Structure formats: C-alpha cells, structure tokens
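Hi everyone, thanks for coming. Please have the sequence and the 3D view open while I talk.

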Amino acid sequence: MTGAPIAVTGFSHVAIAVTDLGAARDFYCGVLGFEELPRPDLGVPGMWLKVGSLQLHFIETDEMPTPGRGFPHYALHVPTDKFEATIETLRQAGVPFLGEPSSRVDFGTTVLAAFVNDPAGNFIELTNVGPS
C-alpha cells in the first residue's frame, strides 16, 4: 500500500441496534447504571450512553440488523491532523466508502466522519472523536 501511514489510534464508540429504545434505556441505565449523554438529532431515534471513559450508541430499529439508516457499525478514532491523509490512503488502497466523508458540529465540536466497508461488508466509521 502506498501513501501516508494509516493513523488509527483506538475505538471511538460502538453502535448497537435495538427494537425498543425504552427497554434498552431501562436495562442499560436502570440495571447496569450507565449514564445517558446528550445526543444530537441524527434523524433516527437513539441514545448515547457513557460507559466508564467509553460510549455505547443505540439506534432504534424494526429490523435486526439494520442494513440501511442507522446501520450497526463500530467507530475507529483517527486524530484530526491525520484524518485527510488516512482517508486518501484508504482510497488509494481501494477501500470502499459509503458516501463522501462529512463534517458536522456536535455541541460546539467539529466532528469528522467517514464510513467504509470491510471485506465482509461490515460498516466502520472513521472519526476524529476519541474515546473520552
């Protein structure tokens, strides 16, 4: 592979599909004691939970697993200053992307995100949002 080294430094979050968000909230917050975090409106019902210094993201769906909107994925952290070079290196390697990388502002923080598929078809989010 040519190009800059790929700079993945850890996990950002794991997204989990659920069919009943209320029941998931009762179990994860009420039983396990996880803390609910603010979540921007992403166009699909869900919640974000704090688990120690990490996060679990939940997406409510009628289908398990969800092949479309709100698809299950995990996220890998790429530092902001290495994000563009990492995306370019993955493109040069022929890694398929699900659309173009995007940028949005969540609670005053600029979030960079790109989604790729692994060889088995799993979705992976590359993001500058770190695990803490």
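This is a predicted model: local features need pLDDT of at least 70, side-chain atom pairs count only at pLDDT 80 or more; totals for chains, interfaces and linings use all residues.

Residues are numbered from 1 along each chain as its sequence is written, and side-chain values use heavy atoms, with hydrogens and water left out.

Let's start with the pocket. Rolling a probe the size of a water molecule over the atoms shows where empty space is left. Here a pocket is an open set of points on a 1 Å grid over the protein atoms alone, where a 1.4 Å probe fits, with protein on both sides within 12 Å along at least five of seven lines. Its lining residues have an atom within 4 Å of a point. Volume is the space filled by probe spheres set on the points, which are joined across faces, edges and corners.

How much space lies in the largest pocket? About 670 Å³. Its lining has 31 residues, and H13, L42, W48, H57 and R104 lie nearest the centre. At least two lining residues come from each of the strands β1 (10-18), β4 (54-60), β6 (102-106), β7 (109-117) and β8 (123-127). Strands here are DSSP runs of E with at least two residues, and helices are runs of H or I with at least four, numbered from the N terminus. The lining divides into 15 nonpolar, 11 polar and five charged residues. In that count, Ala, Val, Leu, Ile, Met, Phe, Trp, Tyr, Cys and Pro are nonpolar, Asp, Glu, Lys and Arg are charged, and the others, Gly among them, are polar.

Now the charged pairs. Side chains of opposite charge can pair when their charged atoms come close. We call it a salt bridge when a side-chain nitrogen of Lys or Arg is within 4 Å of a carboxyl oxygen of Asp or Glu. How many salt bridges does this rule give? The count is three.

Find R25 and E36, whose closest N and O atoms are 2.9 Å apart. R25 sits in helix α1 and E36 in strand β2, so this pair ties together parts that are 11 residues apart in sequence. For accessibility, buried means under 20% relative accessible area, exposed over 50%, and partly exposed in between (1.4 Å probe, protein chains only). R25 is partly exposed at 29%, and E36 is partly exposed at 38%.

Next, R91 meets E100 in a salt bridge at 2.8 Å, N to O. R91 is partly exposed at 35%, whereas E100 is exposed at 63%. Finally, D106 pairs with R104 at 2.9 Å. Is D106 buried or exposed? D106 is buried, at 9%, while R104 is partly exposed at 29%.

L32 lies in the loop between α1 (21-31) and β2 (35-37).

Last stop: F107, in the loop between β6 and β7. Its phi is near 55°, a positive value in a residue other than glycine. F107 is exposed, at 57%.
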